[in-house]
Structures are given as C-alpha cells and as structure tokens.
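Subject: Structure handover

Hello,

Here is the structure I promised to pass on. Please open it first, then read my notes below.

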Protein chains: 4
Amino acid sequence: MQKNQKPCYYGDYLQLDQLLNAQAPESANYGAEAHDETLFIIVHQVYELWFKQILHELKAVLAVFAEEEVKDEQLTGIVHKLKRVISIQQLLNQQIAVMETMTPQDFMSFRDYLVPASGFQSVQFKMLEIGLGLKSDYRIDFDKNSFYTRLNDKDRNFLQALEHQPSLFELIEKWLERMPFLEFGDFSFWQLYQQATQSMLNRDEAIVQGIEQLAESERELQLGEIAKTRQKFAALLDSEEYHKLQQQGAFRLSQRAMLSALFISLYQEEPVFNLPFQLLTCLTEIDENLTIWRYKHAMMVQRMLGTKIGTGGSSGHDYLKRTTEKNRIFTDLFHMATFLLPKSELPALPAGLKKRLGFYFAGD
Amino acid sequence: MQKNQKPCYYGDYLQLDQLLNAQAPESANYGAEAHDETLFIIVHQVYELWFKQILHELKAVLAVFAEEEVKDEQLTGIVHKLKRVISIQQLLNQQIAVMETMTPQDFMSFRDYLVPASGFQSVQFKMLEIGLGLKSDYRIDFDKNSFYTRLNDKDRNFLQALEHQPSLFELIEKWLERMPFLEFGDFSFWQLYQQATQSMLNRDEAIVQGIEQLAESERELQLGEIAKTRQKFAALLDSEEYHKLQQQGAFRLSQRAMLSALFISLYQEEPVFNLPFQLLTCLTEIDENLTIWRYKHAMMVQRMLGTKIGTGGSSGHDYLKRTTEKNRIFTDLFHMATFLLPKSELPALPAGLKKRLGFYFAGD
Amino acid sequence: MQKNQKPCYYGDYLQLDQLLNAQAPESANYGAEAHDETLFIIVHQVYELWFKQILHELKAVLAVFAEEEVKDEQLTGIVHKLKRVISIQQLLNQQIAVMETMTPQDFMSFRDYLVPASGFQSVQFKMLEIGLGLKSDYRIDFDKNSFYTRLNDKDRNFLQALEHQPSLFELIEKWLERMPFLEFGDFSFWQLYQQATQSMLNRDEAIVQGIEQLAESERELQLGEIAKTRQKFAALLDSEEYHKLQQQGAFRLSQRAMLSALFISLYQEEPVFNLPFQLLTCLTEIDENLTIWRYKHAMMVQRMLGTKIGTGGSSGHDYLKRTTEKNRIFTDLFHMATFLLPKSELPALPAGLKKRLGFYFAGD
Amino acid sequence: MQKNQKPCYYGDYLQLDQLLNAQAPESANYGAEAHDETLFIIVHQVYELWFKQILHELKAVLAVFAEEEVKDEQLTGIVHKLKRVISIQQLLNQQIAVMETMTPQDFMSFRDYLVPASGFQSVQFKMLEIGLGLKSDYRIDFDKNSFYTRLNDKDRNFLQALEHQPSLFELIEKWLERMPFLEFGDFSFWQLYQQATQSMLNRDEAIVQGIEQLAESERELQLGEIAKTRQKFAALLDSEEYHKLQQQGAFRLSQRAMLSALFISLYQEEPVFNLPFQLLTCLTEIDENLTIWRYKHAMMVQRMLGTKIGTGGSSGHDYLKRTTEKNRIFTDLFHMATFLLPKSELPALPAGLKKRLGFYFAGD
C-alpha cells in the first residue's frame, strides 16, 4: 500500500453504479416490460465486455509485431495473451447455451421494438475482425455491400479508417518473411523435401487406386484432389505458380511467409521453434473458435427465428452460415497439414544447423 | 445383498481384462509402434461405448412409442432418457478437444496402416442415424451410393434390414397424429391463429420496407422470404398445398403431426403440454448436437489432413461438412419458430378446454 | 414496428458508451498501467452482470411463491427460470479458467493498489445468498462477525434490511407445507413406507457385516452411520424427535415440508409431480453449482496468492473453502437420497389416488 | 500402403466385438435387468479407457525423465503429452454430468448386487496416483489401513511392487536438482531476492495493520500468517530450517529442487525457461484437476447415496472429500505464488547470464 493511497471500495472500483444501471429494456417503453429482454441485453453486454478484453490483448500483440524485431522473450508474452483470447472464446462459445434458454416465443415479445438494431452493428466485433485481418477484400459480398450502410457516420468512419491499419495477419506475414531460417547454406533442404512429398503423394495415389470398395465416381474425385495437391506442392517453390494460385485464393500468405510457417511446422520440436509453433497454433485456434462461434450462433438464430427475419431486417442465420465458410483469416495455417510429412520422412537437419536451433546454454 | 450372492469384484464386473487388452496399434505390425495410435484407438472406442449407451436409451424410447398408447407417466421416463442422450452428446462434442491434441504429423506416423478403414464403417453410428430417422431417402447422395459398399456383408445386411424398422421420427409422427388436442368443438382455433399470423407477417413486411439503410437487393431478398413464409403458413391448413411443399422438402412431418407439434409449442405452458414440449425440445437438441458434432468433427479432420485424403480414401471433412446441412432429422421442430406467435397474441383458450389441459387434482 | 417507434441502434440500446468506459485500472494512478488489470476488472464486471441476471430471475420466482397459491402453469415458468440460473452458473464456473490465465506475478503488479477492496464486498452476491436463504444464522462465523464491517453504511443497511425479507428457502418450505398430497384418507402410506425402509436398512447392515475385507474400525464406523440413519428415519414421523434433530442441524426444512418433498421424490414419475420434482432438482443443482463455484474459486485464489494475504486483508482461499462445507442452503434436498426407496419397493398408490395425480384429460 | 498390407476394417481394428460385449449387468442375474446399470458400467469402462490413455502418456514421460539428461527438444514432447493428460482430465470432470443423469432411485435398483465392488478397487487409478507420486506415505490414513485389504492378491502385489518404482514426483525433483541455473558466479541473486521479499512482506504487514474495518481477531490471524510466511522465506536458503519445515509437511520438494522451481517461475519469460515453466504449470494443473474431480465425484456420490453406505461398505463421499485436501502431490508448485515477486521487483539478471538463457541463434 502506497503512502497516501486512497482505500479502494469494490463497487466503486468496478463502477457498478454505471454498469448495473445500463440495462434499459425497450419493451418498457411500449407497455409491459418483457421479462426476457433483460437477458437479451445482458448477454450482449457481456459479449461486448469480452470483446473489449480481446481487443486489449490484440492491441498489445499488434504493438510488438509492429516493431522491427520481435525478441524471443517477447514471444512468451504474445503466446500467453493469445491463449487468453482462446480461453475467452471458449467461454463465448459456451455462452450461447445461456441465450438458448430464451424461447422463440419469449424473444417475440420484444423483438419488434429493437428494429433495426442488429449485431451487425457491433463496432467492437468488426474491430476484432479487421484487426485480425478480415478486411473488406476478404469478406463475403453481403459485408462489402451491405454492412457499412447499417452504421451511423461516426462508427462507419472509425471502422473504415481502421481498414488502413496493419492487421495481425499482415504483421505475422512480415514477421514470417523476416525469419532467417530459410537460408541453409549448402544444405539443399527444399529439394529433399520435394522428393519426400512426391513419394508421399504417390503412396496416396496407390491407396485410392487400391481400395476396391470405392465407387468409380468417388475414385475419380479423389484422384483429382491428389492432382490438385501436387500442383500446390509444386507451386510452393515456384514463385510464378504460387502467385497464380494465390490470386485464385488457394493461398493467402506470401510464398516466403508460407515457407517459413511450413518449416516451423515441420521442425516444431526444435527448441527455437517451440514458441513460434505455439504462436501459429494459437492463430489457427482463434480462427477456428471464431468459426465455431459463428456456426453455433447461426444455429441459435435459426432456432429463435425459424425463417422469420431478424431485427436488422435480414435472415441472420443465413448470413452467418455463409460467413463460417468464407470469413476465415489464417486458412493457410489451418490447411498446413496438406504440406506436412511424417517425422520419419523429414530430411535430417545438418548438425551445425541443429545446434543453432537450440539454446545457447546447451551449446556451451 | 441376496442370499448366495457372489461377491462382486470391480475388475471382473467391468470385464477390464477384456476391455483393456483390446488396443492393438497397427503400427506395431510394421516396425516401431506409433505412440499416438493408442490415443486414436481409445478415442474411437470411447465413442463406440457411448454410442452403445445412446442406442440403449433409444431402444427403450422406441419400445414405448411403438405401443398403441403412451401414458403420461411414461413420458417422464422418455424425457429423462433423451436428456441423458443430450448429456452424452455434449461430452462427445467436448471429446473432440482430446483428439485435437494429436498433431497432423503424429497422425501421419500411422495413418497409412489403417487403409481403408474409416469412421464411415461404424455400424453403431449408422444404427443411431437410422434409428432416429435418417434413412437412405433422406441422406445426401454420397451416402446413398457409396456408403454401403464400404461395409462387409454382415454389417451391410444388418443395417439394410434396420432401414425397414420404424424409426423414432416415424413413431413420434404417429404419436403426434394421434393427439386428441386438435378437436376443439366449436372453438375455431385455427381461424384465429391465421388472423394473428397474418398481422404478424404484415408487421414484418412493414419492418423490411421501413429500414432505410437496407440495400435494395437485400430488401428484395427479405420480401421474397416473407412471401415464402406466407405460403408456408397458408399450407399449414390446406392439405393439398401442404403435400406439395412436403414433396419439395419444405416439411418432413405429416400435416396433422405438424399441427399437433405447433399447438403444443404455442401452449407449452399448459401443464398437460409440459412433458410433450420437453420431448419436442429434446429431439431438437439431439438433432442440433449431432449437427454440431459433425461440424466440429469436419473441422478437426480438415486440420488433421489438410486437403490430403482420409484413411477411407475420401476427403472426409468435405463429406462431413455436406452432411451438416442435409443430414438433419427433426428440421420441422428446429424451424418451429417460423410459426410461433408472441404469447400476447395467442388466441385465448376457452375455459372448458383450459381445464381439460390441467391436472385432475386442480379440477377437483 | 409500432407507429412512431424510434429506430433502435445497437450501441445505444446496449449503452456501450457507458459500459465500455467503466474500466479504470488503479495501477494507472500509480505509474505504469498493469496490462492484466483490465482482465481483472472485466472478469469481475461480467460476474456482476450475470449476478444481476440471476437476481432478475430470482425476483420473479420469489414473486410467484409469495402468492397464496402457485398455479400449475406458473410452475413451468418457474422451472424455466431456475434452469436459466443453472445455465448461467455453469458459465460462471467455466469463467474461472479465464481468470486463471493471469499468472500470480501478473496479479502482483497491481494487487496492492486494490487494498482493501475485496469480493466480499459484492452486494449482489450477498443479495443472492440472502435471497436463496443463506441468512446470517446459517453462515459460518467469519461471515457473522466480519462480513458486514467491510461494507459502507449504505450497502450494509440495504443488506441487513434484506435479511428480513422472505427467502426462496422459506417460501419453498411454505409451499411444500401447503401441499395437499399428504392426506391419503384410509391409505396408511407412511406405515408401509417405514416397513420398507426398515428392511432396506437391515439389508445395509447385513452388507456391512458381510464384507470380509472391511477393517474392523471401518466396520464400526459404518454400523454407526447406519444407526444414525435409522434415527433419522424414525424422526421423520415423530415431530418431537424431528424437532430435536432439526435443532442439531440434521434437518433444515420443517417436518411437514420435508415429508412433502420426500413424497414428491418417491413418486416423481407421476405427472402431477413432474414439475415439482424438476423444481426440487433445480434447487439442488443451484446449491451444488454455488458450492462448486466456491471450491474452484478457492483453488484459484490459492494458486494466485499461495499463502499471501488477499486484497481484503484475509487469506481468501481459506475462508472460501470453509464456506463450501457450511454455506449450503437446500441440504435437505441434497441428502434426499438417504430416504429414498428403489421403485420396486415403493408402496403402490391406491387407484383413486393415482388417478388424482394424473391429468384431467387422461381421467375423462 | 505397404506391400502385402492387410486391408484394415474399422470394427476389427477397434475390436468392437470384444468391446461392445463386455457389458453384463449384474441385475440380470437376479431377476429384471435394471435399465440404468448399463450406464453405470459404461461410465466406469470409459473412465478405465481414459485411465489407460493417461497411463500411456505418463509411462512415456517417466521414461524420458529416468534418463541422465533430458534434452531440450524432448521437453516439447513431454509438455505435449502432459497437456493431453489435462485435456482428458477436463473430459473426465465433464463426464460426471452424465453419471448425474442417473437418479438415486435408479441406482438403488441394482446397487445391492454390486457389493462389495467399489471404485477403490480400480487398479489403474491407483497406478496413476502412485505413478504421479502419491505413495502410501503421503496418503490419508484410510488408504494406508484399509485400501489394500480390498484388493485381490494379484492386484495388491502388483501395486505394492509399483510403490518401489520412481514416481514422476521423484524424477522431477531429481531433474530440478540437476539444473545448472543456480550457480551464478559472482552474482548474488539470492541475497537480492531476500531483500525484495522482505520489503514485500513488510508491505503486507502494513496492509493488514492499515485496514480499519478488519476485526481484531481477523487481524491477529493474518499477522500470524505473515509471520509463518516469513519463516518459510527464511527457510528457503537455510537447509536446516528447510529440512525442519519439510518434516512438518510445509514443503515436499527438496530444498535444491524447490529453489530451481522458484527460479524458473520467477524468470518464466526467459526463452530457456519457457518449456520448463510450461512443464511445472502442467503438473500443477494435473494435480488441480485431480482434486476437482475428487471433489465433484464426492458431491455426486453424496447426491446419489445421501448418508447411505456405498457398495464397498463405506460412505464414499466422506472418504473422497478427505482426499481432496490431503491427497495432493505437487503442492509446492501449487503454492509457489507465496514466493513470487512482481516483475518490477525482480533482481535484474547480469547480461552474461541473460544471454546464456536465450537461443544460440540470437546470440550469434
């Protein structure tokens, strides 16, 4: 306790007067207050408080990656913050069960009073999407055309300015591109890698050819998939091909960033890659949790409204479902398994390189 | 303790010798045993044990509904069993997190040895789907063509025979059709209901017309949706129209069953409807949990394999994703919100009818 | 949309300006802002929002039970509200995982600035405890002596006044006492019940005598337990004995309320008891969840502080642990299993009574 | 697919014939089969399968720590395996909800047939406890006297032999003792540490003295706690004092191991400590999850049996509750917060040392 420190009182510290008086059901303005509107308000307010917390973590993470260099000890803190974001997301996903205790009939008793408000107007949620890297270009069409029109000028201007700030996706991409691990001197890593992947794909092809019970149409489909995968493998080391596939949406990360991420994933057990690999895994999980939230949310909306329209005038569940497919950010990491090899087939790293991937201490 | 009762020993009772010696990693037959194959085996065995439990509950529920009459006190047990199924499903959904502790690389170290085994060959899972009501006709095409070819003769014959047994969907439909609550004597319930729904849809239309910020294309879309909903409302009481929409897939339940389910949902607070409404809610949740399981499972497979093919020779995640949309059973219940009214707009039930919906005790 | 209805805007409706500006870290007043203090504030604010929601449900439930008569259709709504409370509690229990993402070191960077604020000063949490029935008389000593001194006058007066309002425990007790099901005319239910329980206890005694492997000290202990249970059974129907045990803390409910609750539990499958039994089960679960929350909370505090003192100047985890044992409310319901019989040994209800426990409809 | 590889079939691979025919309800031998006994069997079988998986991970972890040296890259795998154990434990804790769908009445319909079987006879659970480090000496008395008498000879002999194998606790202790980080050359770390902790404790004392609202008895209690903490701090660097406290149960780890664990915890953000700190955190969480499982399990048993005796002839919930307090393993880690300092008060590490705690790469 510092000298002259003012004693702290729980209710004042948490500003409970302000917080617990911020629930004003609209239904009260049009006759009888609907009992469940309080739940509706509080569920959304809790979401917004957690969004604030997630944005607080994201901001700190962005600040570190915006620097020229990210020190190893800083990664500990970054991973810690991202794991907290994941922990909050798991809670948000759980929270849908609380909203589902409201029956459709209960919702109808106040739905009309909320028009045209809508979750699409959550500025913090958009800040989160934009901050992670889901900028206009990557959104599904509905967003591009129809999203900004729903906002008031202040909110719209604020978010549109944000689209010009570097997102986590962009900063991570740059950080991966800066990684020094791709220069191996004489060690022809990528050549060995390609040989190993060729033989893996050949094996996959043999599997598909060898399963008798497979319907012919199914077999065709699978062989086609393998061919596409071959093409992607080839593109990894061919910048022209890569760029072409990237423009078709097959990759989002730059080639160099993609190769760094792949190398980290392949040799994830080397000490120096432990934190970077945890970081990539966190990003994948954040993306996955966001997708599961969208999906569960869409089902909840559907159960609440059926085919009725939402308060914002659109059939929300439909929109939300489309976003689960498209509005993904770190898809390259999510699909990384495509390019992995079993440990037993990994090209062995030369001793000198291996030492450099360890701790200073161990190398004494 | 009964006379002559043999003392029971924990390990014998649970047949642990048999249970804990049923994990034989294939990788051990081809060189080094892969550490994570045990996890893979045990995760699937636990799934199968829970499937057995769910089938045990389902069988008991089917037996009751197969009777001419379902007594009120039997419904207590039915709802109890279905809630247990839901509780198990929540655990199954949680369990995916355990599987996700296996990295793609770890999976690759034994994946090839399992070809062409596949989760599609789980007989119990298909028993569950068929038992609930997901018979061939309702499955996505992949299932129809390609599913049965993967099974050995014994399993295929067993499951194909099962397709001819009455499913829970069919028995519930019959039970709803038998409900005596739709005869109201002089009380013109459905007429009042239609008036109330008309005015609700008119209000919805006004909402969509009134929101200035709505893009024109979006407005068109929404008005189209409302028109479709009007058509569905009209069809509810017009057996010819209903039949037409049913054939287009807009309804799966028969008209009479649908009306019973709707009436129960509208007056869910009447004591006599308490258990029936819980029952309908349970069915909706079982369907929803199955869908969420498929979805999370699909994401896990995708993360594990990328665009690689699965052990059964198909890109599992793609198949699984398609099933989340199509392989639903109680969709009519899931979309019931479409047809609901706010409590304040519900036609009041005549006193005589209301008394008959209460307890004998209360009516003394 | 009502005529003249003002358009609703998401951020205004949720009062986000107020909500999202209510986080003022104390550390900012004493030098560098501690990154994790925001988490600390938001975690507690979210708790308080959920407490407000739980109190909203509790208030509605209390209002119904304060009436002379609780109608059957009202029970549907009551059970629904209590299930929502349970759903929120499950989330609160989950939420501890988010708090645990803060390391002890991070907490230390701002702990001192919060002195002497403490969770013990949460007025809403005490409102909840008092509202459920945990009044001063039932609290552990720490509460009685030390709790109220920590509050400011306004909060203390408010809570002390609340102690004189009827709690849920008291209203439920009255409702159980009013139940008409205990008058059976000629049917000597309780006599049959006592015969059945005697033979059950005899069987238990034989079990303990019969297990060879039981250490003698253990056997003594168990026989002592059975003797105590016999005494409790005897007391159920002997108001003098009951009163004596009640004063020793073995029962909290009045004898008549206890018998009603027992009868409902024994015949829980009768339709008329479906909702009452759900209600009793909900109360047990609410109590259990509160206990689990206290326990997990105590462990979290211990992990955060070790044996250091908390911001309120006491070793919080110790206090919290003691409360998990003592600060329970519906313990009689929680221990109800003591008095239950297997279904096969339940005295059969006479046909006339059984009919009266069914629906009016079924008795037509 | 290897040449001559036998095609794999799902049901054969998982040995489903064996697995799904291992549920034989005892009640079937004494008249009518009790519906819920299947649940009881399957819940316990699933527990045993997960125990097998946890033991599989534990065995692999023990094997690494049994070596002279643990390489940095091995720690990645260790932490990964322990996180999997945690993930399984979270599922086990969740699983109690499934068991709770069985009512006390349902349990009574077959309880008597299981006498004297009991969960205390789970050999795998004891293997797990012993493997982690909960050997006879550390157990509560009930275990010491009464546990082994319940087992058959084979199981007893097997477990008693296991008590002589090195446990995870012992191996971790040795690994911590081997750590080279405690030799600092000229750097008088522990002296600086003690100065910092003294001033922290002085501040704590001032806090307790300064809070006016604290009852005098409470203040005494807290000052006593602080005095004890001072004693523990002093003992950290005084091997005689440490040994004394260790014998009183205040510490379980050896002094040297404790100091290593403390140093790792204090400088957890240094790259070289990232994995060791994750390891220590995992051990704490495994211990904590085991405790929460015991606690929830005890509550479930209490709800199922009331004060009735369990199938093994003892009041299980009581035993289980006592174990939540005493049967802990890594308590030193759990209480580590006692000895931590805020980051701002940590003695700064000399540059040379700091470099040696980083990656080789960074030091190039």
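**A binding-site residue to start with**

A:Val43 sits in helix α3 of chain A, which covers residues 37–65. One caution before going further: this is a predicted model. A:Val43 has 19 C-beta neighbours inside 10 Å. The cut-off for buried is 20 or more, so A:Val43 counts as partly exposed. Apart from residues within four places in sequence, A:Val43 is in contact with A:Gln95, A:Val98 and A:Met99.

**Other annotated positions**

Is A:Arg111 buried or exposed? A:Arg111 counts as buried, because 24 C-beta neighbours lie inside 10 Å.

A:His297 also carries the feature "binding site" in an unreviewed UniProt entry. A:His297 belongs to helix α14 of chain A, residues 271–305. A:His297 has 21 C-beta neighbours inside 10 Å, so this residue counts as buried.

**Chain A as a whole**

How many helices and strands are there in chain A? There are 17 helices and 0 strands. The C-alpha trace of chain A spans about 75 × 70 × 35 Å along its principal axes. Chain A has 364 residues, and 43% of them count as buried. Take the contacts in chain A with a separation of 6 or more: 77% of them are between residues 24 or more positions apart.

**Where chain C meets chain A**

Here 53 residues of chain C are in contact with 54 residues of chain A. Four helices of chain C each supply at least two residues to the side that touches chain A: α1 (10–13), α2 (16–19), α3 (37–65) and α4 (72–99). Of these, α3(C) gives the most, with 13 residues. By class, this side of chain C has 28 nonpolar, 19 polar and 6 charged residues.

The two chains also superpose. A rotation of 180 degrees, with 0.0 Å of shift along its axis, puts chain C on chain A with an RMSD of 0.0 Å. Of the interface residues of chain C, 100% are also interface residues in chain A, so the copies meet through the same surface.

**Where chain D meets chain B**

Now the other pair. Here 54 residues of chain D are in contact with 54 residues of chain B. The elements of chain D that give two or more residues to this side are α1 (10–13), α2 (16–19), α3 (37–65) and α4 (72–99). Which element gives the most to the side of chain D that touches chain B? It is α3(D), with 13 residues. By class, this side of chain D has 28 nonpolar, 20 polar and 6 charged residues.

Chain D can be laid on chain B by a turn of 180 degrees and a shift of 0.0 Å along the axis, with an RMSD of 0.0 Å. That is the relation of a two-fold axis. Again, 100% of the interface residues of chain D are also interface residues in chain B, so these copies meet through the same surface.

**The nonpolar core**

The largest nonpolar core has 302 residues. Which residues have the most contacts inside it? They are A:Ala261, B:Ala261, C:Ala261 and D:Ala261. In chain D, domain 1 (24–183 + 252–363) and domain 2 (188–251) both give residues to this core, so the core lies between them.

Take C:Ala261 as one to look at. Not counting residues up to four places away in sequence, C:Ala261 touches C:Leu176, C:Leu253, C:Leu280, C:Asp332, C:Leu333 and C:Met336.

**An exposed loop residue**

Last, D:Glu67. D:Glu67 is found in the loop between α3 and α4 of chain D. D:Glu67 counts as exposed, because 11 C-beta neighbours lie inside 10 Å and the cut-off for exposed is 12 or fewer. D:Glu67 and D:Leu171 are 104 residues apart along the chain, and their C-alpha atoms are separated by 9.4 Å.

Best wishes

Definitions and conventions:
Residues are numbered from 1 along each chain as its sequence is written. Chains are lettered from A and ligands numbered from 1 in the order in which they are written. This is a predicted model: local features need pLDDT of at least 70, side-chain atom pairs count only at pLDDT 80 or more; totals for chains, interfaces and linings use all residues. Two residues are in contact if their C-beta atoms, placed from the backbone, lie within 7 Å. Ala, Val, Leu, Ile, Met, Phe, Trp, Tyr, Cys and Pro count as nonpolar, Asp, Glu, Lys and Arg as charged, and the others, Gly among them, as polar. Copies are superposed by least squares on the C-alpha atoms of residues with pLDDT of at least 70 in both. UniProt positions are given in the numbering used here, feature names are shortened, and annotations may be inferred rather than shown by experiment. A nonpolar core is a set of buried Ala, Val, Leu, Ile, Met, Phe, Trp, Tyr and Cys residues joined through C-beta atoms within 7 Å. Domain bounds come from an automatic or database domain assignment.
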